Amino acid sequence: MIVETRGKLIKAAREAFASKGFADSSMDELTAQAGLTRGALYHHFGDKKGLLKAVIAQIDGEMMARLAAILANAPTAWNGFVDESVAYIMMATEPEIQRIMLLDGPAALGDPSQWQMQNACISSTQRSLEKLMEEGTIREVDALATSRLVNGALLSAALWIAHADDPQAVSKQAVDSFVVLVEGLLLKR
């Protein structure tokens, strides 16, 4: 029952936040759409921001799964690293991700680089860099520092795209520049 109630509220909120935005989504409309009361929302999430955090966690989990599949299916570790990074940049052009994760999320919850889920992204990037160093693909670097820099670049690019008048054009610029940037890590070009 708890999982079902939480699921209904997250589904209703996700739909509302994607179509109307966080600020313009009414808690009364969200709970009515879910067939629940405001009390259920408060009980499970504390408030509207708590519900937004849950929606962001769900979307982030889906994004991570998509990126993990790209990494797992790449022909080489280097291709996986680059393809996963490019895919993250391109996700910033998707309306739901753009609005909830990159526009409303930071406006309501603050700097996304401080969100707890960023640690998982940094750890994943660090593992990729360590593997690339072990196989002799990239130069020896401080894997943690470099993973933080790479993730900072990716997040900054995603935010730039989300705020752009022409997200498609900006995403192409971001991808092209990102690839040039990370190719500097290669031992042999």
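The following legends describe an overview and several close-up views of a predicted model of one protein chain.

**Figure 1. Overview of the predicted protein chain.** The chain holds nine helices and zero strands, and its elements follow one another along the sequence in the pattern α-α-α-α-α-α-α-α-α. Along its principal axes, the C-alpha trace spans about 60 × 35 × 25 Å. Of the 189 residues in the chain, 47% count as buried.

**Figure 2. The largest nonpolar core.** In soluble globular proteins, nonpolar side chains tend to be buried together. The largest nonpolar core of this model has 58 residues. Those with the most contacts inside the core are Phe 17, Leu 51, Trp 78, Phe 81, Ile 89, Met 101 and Ile 138. Helix H5, which covers residues 77–91, gives the most to this core, with nine residues. Setting aside residues up to four places away in sequence, Ile 89 touches Leu 154, Ala 157, Ile 161, Ser 171, Ala 174, Val 175 and Phe 178.

**Figure 3. Helices H4 and H6.** Two packed helices are described by the angle between their axes and the distance between the axes. Here the axes of H4 (residues 48–73) and H6 (residues 95–109) come within 11 Å and cross at roughly 140°. H4 and H6 are therefore oblique to each other, and their crossing is left-handed. On the H4 side, the residues that meet H6 are Lys 49, Leu 52, Lys 53, Val 55, Ile 56, Ile 59, Asp 60, Met 63 and Arg 66. Their partners in H6 are Glu 96, Ile 97, Ile 100, Met 101, Asp 104, Gly 105, Ala 108 and Leu 109. Sorted by class, this contact of H4 with H6 comprises 10 nonpolar, one polar and six charged residues.

**Figure 4. Helices H7 and H8.** The axes of H7 (residues 118–134) and H8 (residues 143–163) come within 8 Å, crossing at roughly 125°. This angle makes H7 oblique to H8. The crossing of H7 and H8 is right-handed. H7 contributes Cys 121, Ile 122, Thr 125, Gln 126, Leu 129, Glu 130 and Met 133 to the contact. From H8 come Ala 143, Leu 144, Thr 146, Ser 147, Arg 148, Val 150 and Asn 151. By class, the contact of H7 with H8 has seven nonpolar, five polar and two charged residues.

**Figure 5. Surroundings of Leu 132.** Leu 132 is found in helix H7. Because its relative accessibility is 0%, Leu 132 counts as buried. When residues up to four places away in sequence are not counted, Leu 132 touches Ala 77, Trp 78, Phe 81, Thr 137 and Ile 138. Trp 78, Phe 81 and Ile 138 are also among the residues with the most contacts inside the largest nonpolar core. Glu 84 is 48 residues from Leu 132 along the chain, and the C-alpha atoms of the two are separated by 14 Å.

**Figure 6. Surroundings of Leu 159.** Leu 159 lies in helix H8. With a relative accessibility of 23%, Leu 159 counts as partly exposed. Apart from neighbours within four places in sequence, Leu 159 is in contact with Leu 102, Pro 106 and Pro 112. Leu 159 and Leu 102 are 57 residues apart along the chain, and their C-alpha atoms are separated by 5.8 Å.

Methods
Residues numbered from 1 in each chain as written. Predicted model: local features only at pLDDT ≥ 70, side-chain atom pairs only at ≥ 80, totals over all residues. Heavy atoms only, no water. Axes fitted to C-alpha atoms, helices over the stretch in contact; angles between N-to-C directions. Helix = DSSP H or I, 4+ residues; strand = E, 2+ residues; numbered from the N terminus. Parallel < 35°, antiparallel > 145°, perpendicular 65-115°, else oblique. Left-handed = near helix turned anticlockwise from the far one by under 90°. Contact = heavy atoms within 4.5 Å. Nonpolar A, V, L, I, M, F, W, Y, C, P; charged D, E, K, R; others polar. Core = buried A, V, L, I, M, F, W, Y, C linked by side-chain atoms within 4.5 Å. Buried < 20%, exposed > 50% of the residue type's maximum accessible area, 1.4 Å probe, protein only.
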